[in-house]
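Student: I've got a two-chain model open here. Could you walk me through how it's put together?

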Amino acid sequence: MPDWKEPIRQQLASLRLAPAREAEIVEELALHAEDRYRELQSGGTAETEARRLTLAEISSHALLARELAAVERTGAPEPIVLGSGRKAGFLTGLGQDLRYGFRTLRKSPGFAVIAMLALALGIGANTAIFSVVNGVLLRPLAYPDPDRLLKIFESNAELGQYSVSYPNYVDWRRESGSFTDMGAFRSDDFNFTGSGEPEQVHGEYISASLIPVLGVTPFLGRSFLPEEDRQQAPCAVMLSYGFWKDRFAADPNVLGRSLTLNAMRCAVVGVMPADFRFREEARVYLPLEQYASVELHTREAHMGLGVIGRLKPGATVGAAQAEIGSIANRLARQFPATNAGHGAALVRMKEDMVGRIRPTLLLMVGAVGFVLIIACANVANLLLARSTARGREFAIRAALGADRARVVRQLLTESVLLSLGGAAIGLLIARWGTSVVLAAAPGSLPRSGEIGIDPYVLLFTLVVSILTGVLFGLAPAFHSANANPQESLKEGTRGAGGGRHRTEGVFVAVETGLAVILLAGAGLMMQSIWRLWRVDPGFNTSHILTTQFALSPKVMANPSGIQLAFQQVLDRAATIPGVRAAAITSLVPLGDSDSENSFWPGTGPQPPQDRLTSALFYIVTPDYPSVMQIPLRRGRFLNAMDNLDSPPVVVVDEVMAKHVFPGQDPVGRQISLMVVGPVQIVGVVGHVKHWGLDTDDTNKVRDQMYFAVRQVPDKFLSEAVAGLTLALRTSPEPLSLVSAVRAQVAGPTQDQPIYAAQTMEQIISGSLAERRFTMLLLIIFAATALLLAGVGIYGVMSYAVTRRTHELGIRSALGASRTEIVGLVVREGMRLAAIGIAAGLLAAVVLTRFMAGLLYGVRPYDPATLVLVTLLLGGIALLACYIPARRATAVDPVIALRCE
Amino acid sequence: MDHPSIDREWKKGSAELLLLSLLENLPRHGYEIGKLIEHRSQGALRFHIASLYPLLYRLEKRGWIQGRWVEKDGQRRRRYYRLTSQGRKVLATQRQGWQTFVAAISRITGVENA
């Protein structure tokens, strides 16, 4: 058959077309010439004549070149990917790359799906954690100018930061010039009656200045007026949006209606907006001065009052700190008995809310980052394997004139497409994952209501997925672009040189190493939790039911009525079948409540404030040690005879005994308490880990005192009543008794509700919530990492076995045993895994230091954990190598040799 | 192109009209197009390779037709051209313009239009 291409090519030579375009035109015209030639022949023209005529047609005129020049010169459509990319604009090229990439991926759906799923895991985990970080750490608080809002504490060296005394707040507010204003608040529970079932609702006493300081406008009505924030003013109340909807059916005419809180009629003056999240649980707000406590106006009492100030424009935190500090110093000089040694500390409001959770979240960001890198390494390996298979395609392109940059760009477009697909699935995983994460961490996460997928999260996911695509696409792309076309075009070439295998090896080592780090982190957290569960809290935690309760408004009028009501509640609770002991207490260990009282040894006059020592102050009924099973060390516990008619007594714990009376028997000694006065120590009990299984040892207040409810002076009784807890030791599962307890506590008038019933084990579990949350997430991430790393090693080894079929065939033909073949393959894989594990162990020792603050009872470089991690990962690696190795032994030498 | 007008371009443009018309219902390759023009015009019109392909490329560049390499069983791969939706609109306009042109010529020359 005549060669038509060469004469056509000569015609086109002067046009200097892109090589690919020229090849295309030559092919098409040659086809035409061939058709013409055959037609002439079939019409009876002799072969030589037909050839002459056809050649004349395609080459006699300069017309073809001229006409083509007119069309092609102005930039022929760029053939997809094949050309140099210099002529077409960037966007045109991008469009082509995208279309071509899409088609390529569609041609191998299995590969695309697996790669996208791996990426979806990585990107989804990152998106989920970022949406938490975004909502909690990054998003500003939902108030105008939130950076100017500062939380102000009182502080001293002994206690750190603590709540503010109301008179001090009043003085700060009056004297300070750095703030536009300050507001104060205090959480409390209210007995909401007169509307069906009595209900305990959580609320806040707030100063009239608080809502304006925050800069929030009520949804309905107004916030409190200064004259409503007075002791004798008629009670006014503001409602949360949720409470207004639930209990007032979102009545638009609710303003002016009244509700009964703590037996007080309070008129509704406003409803807060739905997104008002200052103290998430609060349902009602009352003016602070309505807090009917003598102690509110006592300078020495720090009644859980929080203070927020708004900096004046131009004022700095430093200057405000200095100013409040100097006011506090002046107050300390003026009122040494109550204020000596008390300073003030300022913290940005957001920092105060989220500062504690920050290290945990940053740890999570690091962990999911590793998961993503592992996913990338896996996908990069898949792409590498594919790039070898596609070697011929790239070689042809290179031969046709595609330059390297263009091929790299095309491949990167493909990998970015993959990661965008992964991101789409990842977003679904993230949505689901975030809700799982939040469910796993109820209450332990501040601002959790603000977590969700918003435009910032979407932007983050987009950026991460594009970066990811480039990251895992880069190595395979350069590998392909650098391939030697001649080598690749030779038929039957096995593999594509050593470069690829080295890269693969690096990826396997990297992902194994990262998996080691994650496993080590998860292992350390698991050990910490396990050790914490085994910490002796100082009492028997099983079979204890705790529940808060409110007394009937009717008994609250006089102290003897309150004391009688307590006794009746205890008596009725004791009659419930399954209740072995019942007590009332002001504090529950390991919960988040605390109450301290200051004391000094002896009965002398009160020393200045900075010489006093604080102790946890439990106000309890006599059966408390029986309920909690706290051991008595010396003397006796409080009993029914300790009442207002007998001398006041106190029981201390062994820590306080050792601290205040080292080497002596404290029983019979006198100490003096603030507010109460001199008391005699009648007994010593075991120490209880009140502050938490982990942090109790390091807390500044470790001394503990027990004081009888019956010895509480009358004037303090009504406020001591608020937030008391009924604690029961039960025979059956504690929660099974809740409804019986509710019925018995409610009393004859049915107006004493119980609320927040939980077992002691639930409380402990709650105290570990943050750690458990960290552990849970690390376990999930580590498991993902383990899975991905295992799959990665398996993939690489499988491919290696396929590649070496020929070699292994020769070996077995020459007499290598099965064991030898398996050993050969496994050794190759395990060498990579071992390098990865070694590097990972080194990195883990360095990186787990950053989580030292989250650990308990275990060092970051805990050898047992590291050994376990090594064994686990080594085992997985071994399995991932062994399966392909087994397959290698199944190779029939004859077939293997024939596949040349 | 919105208004069918009669000028010199239309005479030249008739080549485009021919190609577009032939691709209206079926994708065809270059040689087939050339043969069809020759056959249906009973030899009166013949496209030389040097004018047929540049014209195809030009139409393709304008986005009126689209060429695609297609491999059919037992044959070598060929480049088939099909009409794009834009080409279809152009064809309708050109066809109407052509009819106007022919009608005008007929009225002037007195030849009855068959």
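Here are a few questions and answers on this predicted model.

Student: Let's start with the sheet in chain B: in what order do the strands run?

Tutor: Three elements are involved here, and the sheet of 3 strands is open, with antiparallel pairing. β1(B), for one, pairs with β3 (residues 78–83) of chain B over 2 bridges. The order across the sheet is β1-β3-β2.

Student: Which strands of chain B stand at the edges, then?

Tutor: Look for strands with a single partner: each of these has one side left without a neighbour in the sheet, so they stand at the edges. In chain B they are β1 (28–29) and β2 (65–70).

Student: And which residue in β3(B) does H29(B) stand opposite?

Tutor: β1(B) and β3(B) pair in the antiparallel sense. Within β3(B), the residue opposite H29(B) is Y80(B).

Student: Inside chain A, are α1(A) and α3(A) roughly parallel or antiparallel?

Tutor: Their axes come within 9 Å and cross at roughly 20 degrees. P7(A), I8(A) and Q11(A) of α1(A) make the contact with L55(A), I58(A) and S59(A) of α3(A). Angles under 35 degrees count as roughly parallel, so α1(A) and α3(A) are roughly parallel.

Technical notes:
Residues numbered from 1 in each chain as written. Chains lettered and ligands numbered in written order. Predicted model: local features only at pLDDT ≥ 70, side-chain atom pairs only at ≥ 80, totals over all residues. Pairing = 2+ DSSP bridges. Helix = DSSP H or I, 4+ residues; strand = E, 2+ residues; numbered from the N terminus. Axes fitted to C-alpha atoms, helices over the stretch in contact; angles between N-to-C directions. Parallel < 35°, antiparallel > 145°, perpendicular 65-115°, else oblique. Contact = placed C-beta atoms within 7 Å.
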